Amino acid sequence: MLPKLLTFVLRTRFSRPFLILVAVMLVYSIAITSAVPPSGMTLIFSYYATGIIAFFLAMALATGGVMVMKSDRDYLFTLPLSTRDLSLSIFVAQFVAFGTTVLLMFAYMASAINSPLLIVDLAALALVFTSLGVIAPSLQTRTRVVLSVVLALWTLSSFLNFPFTPGSAFNGNLYGGTATLLALAAVTVVAAFRGLSRVELDMMKSMVRTTSSEIKSPNSYAGKSPLGAIYSMNLSNMSLAGRMNMAGTSRYVSRRVKTRWVVAASTAAAAAYFVFAFSLGPPQTIEGTDTFPVAIVAAVILSFLGFFFSQSAITNERIWLSLTSLPATTYFRHLIASKVVSLMLVLAPFAAADAALLALGYGVALAGLAIIIAVIPGSFVLEICWAAYIAPIQVKGDDMMMPAQFSLRQLATGLLLIPVIILASVASLFPIVAVVGGLVTCALAALLVLSGGFWSRVVTKLTENGFV
Amino acid sequence: MSSESRPNTAHGIELVHVSKSYGSVPALSDLSFEIPVGGRYALLGPNGAGKSTTLKLLIGSLRADTGYIKILGSAPESKESKATVGYLPEDALPYRMLSVRENLEYIAALRGVADVRGQTEYLLDELDLRQYEKSNVGRLSRGNTQKLAIALAIVHSPKVLLLDEPLNYLDIPTQEKVISMLDRLEGTHLVSTHIMSIANRLTDSVVMISKGMFLWEGTIEELKKKGSPEEPIEKVVARMMTGAS
């Protein structure tokens with residue numbers, strides 16, 4: 001029964017081209033780990049790996065979800081299936097979506113360290129990512145946020161040479177890091193399977209939920225102009241969303257968070273970044289200092305953050321209300337402008353930290369500052385436009401459910417992140433590239449945002465993709 | 001249905017030789033019909049007839065491949081048309097992250113309603129939503145969500161109202177309340193529905209389409225006369241639709 005069930009679960013959650021691509025990429029990643037001669041772990045790769053692991057662990061736990069669809073709740077879970085087979089099938093689906101991402105993102109690093117242990121590390125890391133996504137929905141929001149921050153800080157503590165963290169294996173403490181990852185994988189996988197064994201009950205709970213949560217500090221739009229209402233709504237609240245295999249979640253999140261709380265959190269993170277970068281001492285040359293990779297990693301992570309925010313810009317839209325009120329170009333132009341301002345409010349503390357470092361003689365902070373100010377805003381707008389045009393998906397019902405199948409087209413929403421990361425990385429070496437690249441992306445973004453023809457096509461796409 | 005006299009000199013809604021395809025699949029083929037200003041019409045048709053596509057063309061979220069559409073003389077995507085049209089889709093979803101009151105105030109502000117607060121208070125009371133005004137819409141029952149959606153569709157007192165199965169999910173007392181409220185609203189109404197009893201309560205005329213093509217137009221009384229006196233109107237409609245296929 002298991003093979004049939006597993007095939008059914010995979011085919012209903014992923015399109016065939018998507019599965020083929022994942023298989024090809026896995027073969028590629030395995031091939032590259034064995035084909036490339038070891039060159040040793042460079043400092044920048046250490047920082048990159050640790051920073052990205054911290055970010056993705058936190059995101060997987062904060063926004064994770066089980067790959068269950070409404071039809072599962074209505075049909076699959078009513079069948080007399082073995083709980084073990086069902087749990088295993090869903091876990092494999094989770095692994096295909098999230099675990100493989102880890103292998104793809106980190107496999108090439110295996111060539112950098114001459115140790116078979118790194119293969120074990122990658123496998124353990126993939127299992128941890130997969131399991132955190134399963135565990136996340138069963139936790140209260142507050143618990144999830146606290147645990148996400150703790151996980152991120154724990155991982156980042158490897159920068160302080162703490163040997164037992166999820167990032168230590170990539171940061172000079174191979175044995176301690178491997179032991180930690182294996183222990184973490186054991187704990188999270190067991191917890192994930194326990195969660196999956198009662199997944200039907202959790203889904204049923206979501207169906208019969210009767211509590212009516214009240215919004216504690218609602219906004220008022222009385223007396224506001226149409227455009228004032230758009231800015232008021234989007235500057236006071238934020239939502240984070242993502243649903244693609246590199247985003248670490250199978251669902252779109254449509255809970256709102258007060259922007260001031262997100263800014264408070266980013267201020268704390270920026271302060272920690274400043275203190276850490278400052279503690280490394282003023283750099284003498286760009287290449288020879290620790291501050292340089294710290295600035296790059298911070299900028300790359302902020303680019304990821306911008307991407308995550310971009311994915312929720314359209315998903316929570318209600319076109320039957322907004323686009324019957326204002327012309328599409330007017331509405332989207334101001335919606336996007338408000339989202340950019342909102343994102344920049346969150347990133348402003350990091351820009352301030354970089355500016356302060358720059359003033360204290362840390363010349364390399366110029367790269368981070370240039371990326372935040374010049375590259376991220378334009379690329380954020382392009383990511384919103386790209387997602388709206390390529391694979392728009394609307395959050396309609398329950399957050400617990402997958403709103404649509406994983407497909408290649410949806411995966412393509414992440415493609416734009418690649419040139420952005422490359423641009424951010426090159427700009428770290430040559431800050432002028434950030435300025436030029438930023439101007440180019442801003443010009444492209446402006447062209448799209450101001451184009452009536454583009455938004456007319458987007459509206460058709462949204463409508464044909466079932467947006468209400 | 002009120003029997004007040006309505007001017008019949010201009011078109012509230014006008015579709016002329018409209019065709020629309022999704023890729024190679026035709027949804028509407030050379031569809032033409034007109035609804036006079038103040039007319040109350042039901043848009044009837046079997047599944048896949050093109051009713052929802054027609055409504056989406058009327059609000060400007062889809063563009064016709066050929067032909068043209070006018071709402072009170074303006075193109076659907078024009079500012080003039082947006083100011084006059086109210087639209088309720090089937091299974092309408094308000095903003096899930098906002099409360100009931102926030103939804104009403106936000107959309108009223110977006111539509112440039114002069115008295116946002118006053119209109120919000122009126123609709124909260126009119127549709128018995130007062131007790132849920134602070135509730136997160138994502139947690140509302142389907143019936144209360146539908147009540148809010150109806151309120152959002154009429155928050156700006158539209159001159160042309162397009163409704164797709166407006167009484168879905170509503171209990172009988174609420175249905176009566178909504179029917180009474182819609183009856184009091186002035187303007188041109190086009191109601192897409194499968195249920196003849198709803199068409200009968202909300203409208204007095206019918207446009208029937210099938211396979212994306214115009215089939216028949218007339219009053220409900222004329223429709224009833226197409227069958228024997230004891231024959232349910234649903235049977236008459238079914239026969240007409242089946243005859244078209």
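Me: Why is B:Lys20 called buried?

Reply: This is a predicted model, in which local features need pLDDT of at least 70, side-chain atom pairs count only at pLDDT 80 or more, and totals for chains, interfaces and linings use all residues. Residues are numbered from 1 along each chain as its sequence is written, chains are lettered from A and ligands numbered from 1 in the order in which they are written, and side-chain values use heavy atoms, with hydrogens and water left out. Now the label. Buried means under 20% relative accessible area, exposed over 50%, and partly exposed in between (1.4 Å probe, protein chains only). B:Lys20 has 6% relative accessibility, so B:Lys20 counts as buried.

Me: Where is B:Lys20, and what does B:Lys20 touch?

Reply: B:Lys20 sits in strand β1 (residues 11-22) of chain B. Strands (E, at least two residues) and helices (H or I, at least four) are DSSP runs, numbered from the N terminus. Contact means heavy atoms within 4.5 Å. Leaving out residues up to four places away in sequence, the partners of B:Lys20 include A:Glu464, B:Thr53, B:Leu57 and B:Asp65.

Me: What makes B:Lys20 and B:Asp65 a salt bridge?

Reply: A salt bridge is a side-chain nitrogen of Lys or Arg within 4 Å of a carboxyl oxygen of Asp or Glu. Here the N to O distance is 3.9 Å. The pair therefore meets the cut-off. B:Lys20 lies in strand β1 of chain B and B:Asp65 in the loop between α1 and β4 (66-71) of chain B, so the pair ties together parts that are 45 residues apart in sequence. B:Asp65 is partly exposed, at 45% relative accessibility.

Me: Why can such side chains pair?

Reply: Side chains of opposite charge can pair when their charged atoms come close.

Me: How do you know that B:Glu221 and B:Lys224 form a salt bridge?

Reply: Their closest N and O atoms are 3.5 Å apart. The limit is 4 Å, so the pair qualifies. B:Glu221 and B:Lys224 are three residues apart in helix α8 (residues 220-224) of chain B, which means about one helical turn separates them. B:Glu221 is partly exposed at 47%, and B:Lys224 is partly exposed at 33%.

Me: How many salt bridges does the structure hold, and which residues are linked in a network?

Reply: Over all chains there are 16 salt bridges. B:Arg101, B:Glu105, B:Arg117, B:Glu121, B:Asp125, B:Arg130 and B:Glu133 are linked in a network of them.

Me: Is B:Glu165 buried or exposed?

Reply: Buried, because its relative accessible area is 4%. B:Glu165 is in the loop between β6 (160-164) and α6 (172-184) of chain B. B:Glu165 also has a positive phi, of about 45 degrees, and is not a glycine.

Me: What makes helix α1 of chain B mostly covered?

Reply: Six of the eight residues in α1 (residues 51-58) are buried. Among them are B:Lys51, B:Thr53 and B:Leu55. Just after this helix, B:Gly60 takes a positive phi of about 85 degrees.
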